[in-house]
Amino acid sequence: PTDTSTRRGAFIVFEGCDRAGKSTQAAKLVEYLQNRHKQPLKNDETSIASNLKVSETMTNNSNDSEVARLWKFPDRTTLIGKMIDAYLKKTKDLDDHVVHLLFSANRWECMNVIKNILMSGTTLVVDRYAYSGAAFSAAKKDLDINWCKSPDIGLLTPDIVFFMDLEPEEAVKRGGYGKERYENLEFQKKVRKVFLDLKDSSWKILDARQTIPELHQQIIETAEEVIKKCESIPFSENLWK
Ligand code: FDM
Ligand code: MG
């Protein structure tokens, strides 16, 4: 059996266009992983207690024993993240190249923390990553896909990418888009095209038209396999190398 002290967590990424259900499924996966090793629930009280544990660990930076943790890119809490936030909320305009590099820098500035989380044995579930970075920028007219990928080369490689695939025409029916930049049908259609060209061997494409429980079931089955498999293999910093 593997020495538990050397087991690392898995690096699990969710990608897709807006309103495909990434955030819902990422949160449900984290909740599932956190409850997995607990005693079977006896009554509602234990269930409430474990739900409290979820929100507790999501805000706690240094809990070595946590099984899984949720992360999100862009991380709008950092200095770079605040510039990205202003750009997305359209209170600030930035050159397309500049904002692309900020999104990438926002990932690089998190790499050490993320590596430490994984090495402590915690599985990290990440809502958007470098694939969003390349897809949203390359969907703009003047940015070349290879140029878009280059600043993210060498980032931590995901152990799996769940690509939640939904036609933007379907996505928009889910209560419409918000007011942030990029939240419009024509642009999302271009983004989906670029996304599908970025598919690599780490991807599992999910049909996001399915129900929340159906998708969750497929995700936990694959995630369990991936978590098991990567316990014994080190993570690599080889993205797009
Ligand atoms: N986005 C996200 C990018 O353009 N580049 C990136 O590198 C990342 C991570 O930012 F429209 C876009 C995708 C989306 C917006 O994302 C904010 P959320 O998930 O809606 O907060
Ligand atoms: Mg959004």
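Predicted model: local features only at pLDDT ≥ 70, side-chain atom pairs only at ≥ 80, totals over all residues.
Reader: How do I read a nonpolar core? Which residues have the most contacts inside the largest one?

Author: Start with the general idea. In soluble globular proteins, nonpolar side chains tend to be buried together. Here the largest nonpolar core has 48 residues. Ile12, Leu124, Val125 and Ala135 have the most contacts inside it. Helix α6 (residues 130–138) gives the largest share of this core, six residues.

Reader: What is isoleucine 12 in contact with, leaving aside neighbours within four places in sequence?

Author: Its partners include Thr123, Leu124, Val125 and Val126. Pro158, Asp159 and Ile160 are also among them, as are Ala223 and Val226.

Reader: Now a helix. Which residues of α9 are buried?

Author: General idea again. An α-helix has 3.6 residues a turn, so residues three or four places apart point the same way. In α9 (residues 185–197), the buried residues are Gln188, Val191, Arg192 and Phe195. They lie on the same side of α9 because they cover an arc of only 105° around the axis.

Reader: What covers that buried set, and which exposed residues does the face turned away carry?

Author: The cover includes β1 (11–16), α6, β4 (160–165) and α8 (168–173). The face turned away from the buried side carries the exposed Glu186, Lys193 and Asp197.

Reader: What is the reach of α9 from its first C-alpha to its last?

Author: Helix α9 has 13 residues and reaches 19 Å, close to the 18 Å expected at 1.5 Å a residue.

Key:
Residues numbered from 1 in each chain as written. Chains lettered and ligands numbered in written order. Core = buried A, V, L, I, M, F, W, Y, C linked by C-beta atoms within 7 Å. Buried ≥ 20, exposed ≤ 12 C-beta atoms within 10 Å, placed from the backbone. Helix = DSSP H or I, 4+ residues; strand = E, 2+ residues; numbered from the N terminus. Contact = placed C-beta atoms within 7 Å. Expected span 1.5 Å × (residues − 1). Arc of directions from axis to C-beta.
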